[in-house]
Amino acid sequence: MKHDDKQAGKVALKRVTCAVAGASVMALATMAQAQQTLNIVSWGGAYSMSQQKAYHEPWMEKTGDEIVNIDQSGNALAGLRSQSQAGNVTWDLVDMLPADAMIACDEGLIEPLDHDELLADAPDGTPPSEDFVDGALGDCFVASIVYSNIVAFNTEMFPEDKQPSTIADVFDLENYPGKRALLRKPINNLEWALIADGVDSDEVYAMLETEEGIQRAFDKLDTIKDEVIWWEEGAQPPQLLADQEVAFASAYNGRIFDAMVSEDQPFEIIWDAQVFELDGWVVPVGKLDKVKDYLYFATDTQRLADQAQYISYGPARYSSSDMVSVHAETGIDMMPHMPTFPPNFATALQKDDYFWADYNDELTQRFDAWLAQ
Amino acid sequence: MSESPASPLTTADGVPLKVSLRRAVRRSKVKAFLLVSPLLLFLGVAFVMPIVEMLWRSVENAEVSTYLPRTVEALEGWDGGSLPEEPAFAALAEDLRTGQEARNLGLLSSRLNYEKSGMRSAISRTARGVRNLEPPFRESLVEAHRAWGELDTWRLIQREARPYTISYYLAAVDRRLSLDGEIVKVPDHLEVHVGLFWRTFWMSAVITGLTLVLGYPIAFLLASLPLRHSNLLMILVLLPFWTSLLVRTTTWIAILQSQGVLNDLMVTLGVIADEARWQMIHNKTGTIVAMTHILLPFMILPLYSVMKTIPPSYMRAARSLGGKPFLSFRRVYFPLTVPGIAAGGILVFILSIGYYITPALVGGQSGRFITNYIAYHMQTSLNWGLAAAIASILLFVVIVFYMVFNRLIGVDKVKLG
């Protein structure tokens, strides 16, 4: 009886070994078929779709590689940290914000990049270090887009002769009544509160480093607190505006654009005091050789210009900006919808990554305490 | 019967019976241990180790001594009265240069930034230009970033050089160490955790109370109805129990939201005006309703298993001895169900203070639990030390509750089904 059991155990073990061996052979076979599999982390939604069409599909066609989209950019820094601590980094390329990239770079989680060596020149031969916009190339970071945090409104909720146009109007409950949807974070809200209170946009971050400045921003936010609905997911503000649950909503400009052209929503963007920032690629440690060719391809002039056909985020290269044309589906001119379009850009404020790297923890805690009051 | 009492009993092959028995017992003990060893291993890896690691993380403080070793050494014996001398500045410059080359200053700057906002950029900005700094470093560092000219910065480095810290625990209860080493409260506008702890506890208590009030009659029905009916009822209790947590939570959103089923019904019936729809979700009410529903089976099942064992003849006896229905219930039936109440109560309470998805989805701003803050510190602020400290405090509270419960009721009396 015992003998039989042992025998059965051995057979079972053999079967398992065979299965494992078989599985690995199959895995090898698929790898040989499709050159390699790239795990690319991004933001999901309309943004990932624009990357899929502008970068991933042409690349897969060209090389036979397979690209897996992972929608984890919201937690990219935590993910990189835990993967590196566990000693098993499965992500090959990550789309993240420059502030996060700065921290990841300081922690040695991502590869330093030699931009002129790794990236493509502009068609006229300008090296990348001169072709990318200011701040687009960090030690470990290469930007692909310029996007913007704006406040949008539903035009149907205000009389035709009294449409809001400035950030101060968002804080003006008397003339522009209605609920406001704002991001449940201090970022952008504090800047806007100060600008609406009359602070010059050059001085915003200097003021926010002082106790009086912070208090002034919170005092300003206090004036509209009762009328605010706080959102947390990028998909919420267009929805809230469309349902007329709110009159104003802060949002990423691409999402509002998408709702305006694809769903024909009566939205308008207040470009006054837009807070713009960059977004782009970082390479987890040890993955540079694997993704080098893809990175070269996905950040060249043509690809960045292509992406602007699908979403209204400005390309991070000067040479691509000139090539921005029309929306791929509706054929409308993309230029006036770009954050970098000169009339939109006049009063723009660049998000100060250093400031937020320093004060985000403290101000988030203070913001939460303020919300709970 | 024929053997004399003097000669010891032996087995067939002449081994004394005692020895043989001992062997047999040992063998079966070893076997039993081997059988449970995979489970023990699993418990060790999946349960004990993470808890030990969590406790370790909540006090661990290696960053400063690891990444600024020379500075820490140079600050030994410094009295903290005025800015340190040149050697300390030179050591800092050297440490920053080494760190910049190895690209490992990130954890250090995060750690110091928890204690003093602004340290992150002070370190990363200084480190970026550290190669070009010229002695005397006391002047050039202060010029590179004003933080190095502040006494507080140096005192902080000296204090955080210790290998262990209680500052995560202090932060978890809205306290911090002042630079004189005293424990002080953080300013009011930074207070968040203590309020959330209290809210988590009292809302869990309310939820436990509600599940008891709702669950007790159901369990009684289950135990007293004839089998045919009680089986049907049991299925009605178990079906939601087997349904995914997310499904049940989102169902409550569909029912309670302002454009939801219940509000629509009330407006149609004319009970409330269309503009004055009830706000029943994304606040405390939402959390309490959804969690009471989700945790109800955990109260009903232990109650049922206890009630099932109470013979109906006890109540009949009480009634025949002249007890009014309520008196017989209170004096006879109810005391017998106390182990079930205790088991259900402790189960629901412990489960609910650890709940996190449901409050996150239906709790809005006012219905959040401290657990949502643990998730925030794990995923977003990446302050894992603080997350570990908050989680450890919750663990201690659960242990204390369990001990009190054990003292009052006795764990051996508990029946879970």
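**Close-ups of a two-chain predicted model**

Figure 1. Chain B comes out with an average pLDDT of 89, and 97% of its residues score at least 70. Bear in mind that this is a predicted model. For the complex, the predictor reports an ipTM of 0.72 and a pTM of 0.80.

**Figure 2. A look at chain A.** Here you can pick out 17 helices and 11 strands in chain A. The C-alpha trace of chain A covers about 85 × 60 × 40 Å along its principal axes. Of the 373 residues in chain A, 46% are buried. If you take the contacts in chain A between residues at least 6 apart in sequence, 73% of them link residues at least 24 apart.

**Figure 3. Where chain A meets chain B.** On this view, 24 residues of chain A are in contact with 23 residues of chain B. On the chain A side, helix 3 (76-85), helix 4 (98-106) and helix 17 (353-372) each put in at least two residues. Helix 17 of chain A gives the most, with 14 residues. Sorted by class, the side of chain A that touches chain B holds 12 nonpolar, 4 polar and 8 charged residues.

Definitions and conventions: Residues numbered from 1 in each chain as written. Chains lettered and ligands numbered in written order. Predicted model: local features only at pLDDT ≥ 70, side-chain atom pairs only at ≥ 80, totals over all residues. Helix = DSSP H or I, 4+ residues; strand = E, 2+ residues; numbered from the N terminus. Buried ≥ 20, exposed ≤ 12 C-beta atoms within 10 Å, placed from the backbone. Contact = placed C-beta atoms within 7 Å. pLDDT = per-residue confidence, 0-100. Nonpolar A, V, L, I, M, F, W, Y, C, P; charged D, E, K, R; others polar.
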